[in-house]
Amino acid sequence: MSVIDYVQPAQMHSGVPGLDTVLGGGFTPDRLYLVEGVPGAGKTTLAMQFLLEGVRNGESVLYVTLSETEQELREIGASHGWSLDGVHIHELAPPHDSLDPDSHYTMFHPSEVELGDTTKRILDQVQNLRPRRMVFDSLAELRLLAGSPLRYRRQVLALKQYFVGQQCTVLLLDDVASAEHGLHVHTLVHGTISLSQLNPEYGGDRRRLRVSKFRGRRFVSGYHDYQIHSGGLQVYPRLVAADYRRNLEQGAVSTGSEQLDLLLGDGLHRGTSTLVIGAAGTGKSTLATTCCVAAAKRGERAAFYTFDESVRSLMTRSSGVGLDIQSCIDEGSIVVESIDPAELSPGEFAHRLRDAVERRGVRTVVIDSLNGYLSAMPEERFVLVQLHELLAFLSHHGVVTILISAQQGLIGQMQNAIDVSYLADSVVLLRYFEFDGEVKQAISVLKKRTGGHEHTIRPMAITPRGIEIGEPLRQFRGVLTGVPYDRAEGPADSASR
């Protein structure tokens with residue numbers, strides 16, 4: 001069959017939100033799959049969601065457990081609010097007399113008897129129930145019963161060959177700590193899902209999922225964040241911006257400030273990102289809030305994600321500068337979310353943004369700030385790649401994106417924790433400068449890819465009426481150094497005043 005004639009195989013939904021997207025639609029039915037991970041990664045929870053999806057579809061399902069009791073499984077289900085009615089649980093517990101010295105084997109190795117007995121009991125259950133979905137928990141116990149890697153591999157291969165004609169989709173659960181033995185299984189199963197867990201020095205554990213193998217189906221490769229909430233696993237597929245390419249009009253929109261629109265040339269353009277950088281207190285968040293309120297007045301929706309301040313603080317500050325963000329929030333035109341970087345994974349944040357854009361129709365997005373976004377990254381060396389994908393996705397949807405970055409320092413030489421200026425389409429710089437015994441503010445546009453802009457440096461003030469931008473500071477030199485001087489007098493004369 002040629003590539004053009006390729007037909008995607010039939011799909012069986014996993015029952016795990018987001019996992020079907022990663023798997024390219026779901027599991028291929030009537031195959032064996034390996035789900036491996038460290039203890040506590042959520043293997044059992046994922047397996048239960050898989051079986052409960054079958055119950056909802058009216059299918060017969062079977063959970064074979066060698067490592068946990070039926071009572072423990074039902075307690076796990078209850079903790080997520082699930083009733084396991086309809087799920088057949090077959091507990092392969094050791095015989096009651098297994099500790100009796102008289103019952104110890106003398107002529108045969110225990111594995112020769114116990115493995116055969118265990119396998120027979122499993123197959124009997126399958127013959128009786130004819131399940132469409134089955135979970136085997138876990139291969140670690142089967143490995144111990146086998147006694148040798150060769151016998152273990154043969155046993156798994158025999159199970160695979162048996163289930164080929166049974167019209168049953170099987171999940172084999174395994175502990176990733178047994179990786180040296182698990183490689184024997186990887187070559188036999190149709191697909192492998194690996195669950196891993198990161199343990200940052202501060203904050204909650206970060207969990208990631210990866211599909212390392214999936215025969216005959218296109219899937220989303222790489223790591224995908226997931227969370228275990230009350231209700232089960234929620235997978236956040238890795239954002240691939242190339243999947244969302246589209247041709248949209250890129251017209252200009254107003255920032256809500258006529259002076260700022262002139263400074264930017266003709267305002268902000270749809271599908272572009274603007275980086276607002278400056279020291280603490282220079283008005284970065286106020287400028288971004290002004291753009292959100294302007295979007296609401298145009299009849300559009302905006303989303304404001306704040307990593308650094310509470311929603312109450314944002315509303316109080318906005319009210320003090322004449323921005324009625326409260327009424328916009330009440331009517332639903334502006335959504336404000338306070339993000340805890342110690343608890344939210346980058347994948348979940350990207351999922352929230354995607355949901356806001358695709359489902360709620362958000363056209364303006366503010367991330368305040370990139371410093372907080374960086375703190376949400378468990379591995380900082382990948383932050384620029386993830387941010388690039390996020391900005392590309394927003395661009396493909398015609399979203400006006402405003403990124404805020406706080407510089408280190410107040411006056412003089414400034415430093416950025418991370419340089420993302422090359423990713424943004426426009427860069428707006430806010431600076432403090434000292435003159436005549438007062439600390440003043442200045443604004444300038446350093447870059448704009450989508451058209452011309454004004455190259456002047458203008459004074460800016462935050463007043464009860466909002467942001468006010470004055471005429472260009474043409475009489476001064478050295479404004480960006482923080483200590484300017486009058487062009488006519490020179491630096492020496494200015495400093496002596």
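This is a predicted model: local features need pLDDT of at least 70, side-chain atom pairs count only at pLDDT 80 or more; totals for chains, interfaces and linings use all residues.
Author: Residues are numbered from 1 along each chain as its sequence is written, and side-chain values use heavy atoms, with hydrogens and water left out.

Reader: How many helices and strands does the protein have, and what makes a run count as one?
Author: The protein has 15 helices and 23 strands. These are DSSP runs, numbered from the N terminus: helices are H or I with at least four residues, strands are E with at least two.

Reader: Why is Cys168 called buried?
Author: Buried means under 20% relative accessible area, exposed over 50%, and partly exposed in between (1.4 Å probe, protein chains only). Cys168 has 1% relative accessibility, so Cys168 counts as buried.

Reader: What is the relative accessible area of Cys328, and why is Cys328 called buried?
Author: The value is 7%, so Cys328 is buried. Of the 497 residues of the protein, 51% count as buried.

Reader: How do you know that Cys328 is in no disulfide?
Author: A disulfide is a pair of cysteine sulfur atoms within 2.5 Å. A search of the whole structure finds zero disulfides. For Cys328, the nearest cysteine sulfur belongs to Cys292 and is 9.2 Å away.

Reader: Why is helix H5 called largely enclosed?
Author: H5 covers residues 139–146, and six of its eight residues are buried, so the rest of the structure largely encloses it. The buried ones are Leu139, Ala140, Leu142, Arg143, Leu145 and Ala146. Just after H5, Gly147 takes a positive phi of about 90°.

Reader: Where does Gln227 sit, and why is Gln227 called buried?
Author: Gln227 is in strand S8 (residues 223–229). Its relative accessible area is 13%, so Gln227 is buried.

Reader: Which residues is Gln227 in contact with?
Author: Contact means heavy atoms within 4.5 Å. Leaving aside neighbours within four places in sequence, Gln227 is in contact with Gly232, Leu233, Gln234, Tyr236, Glu343, Ser345 and Glu348. Across the protein, among contacts between residues at least 6 apart in sequence, 69% join residues at least 24 apart.

Reader: What makes two strands a pair, and which strands pair with S13?
Author: Two strands pair if DSSP finds at least two bridges between them. Strand S13 (residues 301–306) has six bridges to strand S15 (residues 362–368), in parallel. With strand S14 (residues 334–338), S13 has five bridges, also in the parallel sense. Arg301 has Val362 as its bridge partner in S15, and Phe304 has Val336 in S14. S13 is mostly covered, with five of its six residues buried.

Reader: Why are S3 and S9 called edges of the open sheet?
Author: Nine strands form the sheet in the order S3-S2-S4-S5-S1-S6-S7-S8-S9, with mixed pairing. Strand S3 (87–91) and strand S9 (232–236) each have a single partner strand, so one side of each is left without a neighbour in the sheet. Within the sheet, strand S6 (residues 191–198) and strand S7 (residues 206–214) run antiparallel over eight bridges. Gly191 stands opposite Phe214 in S7.

Reader: What makes a set of residues a nonpolar core, and how many residues are in the largest?
Author: A nonpolar core is a set of buried Ala, Val, Leu, Ile, Met, Phe, Trp, Tyr and Cys residues joined through side-chain atoms within 4.5 Å. The largest has 35 residues; Leu275, Tyr305, Phe349, Val365, Ile367, Tyr373 and Leu390 touch the most other members. The largest share of this core, seven residues, comes from helix H14. Not counting residues up to four places away in sequence, Leu275 touches residues including Leu370, Leu403, Val420 and Val428.

Reader: How many bridges join S18 to S19, and how many residues lie between them?
Author: Ten bridges join S18 to strand S19 (residues 438–448), and the two run antiparallel. Val428 stands opposite Val445 in S19. S18 and S19 form a hairpin with two residues between them, and Asp436 in the turn has a positive phi of about 55°. S19 also has three bridges to strand S20 (residues 458–463), again antiparallel. In S20, Pro459 is the bridge partner of Ala442.
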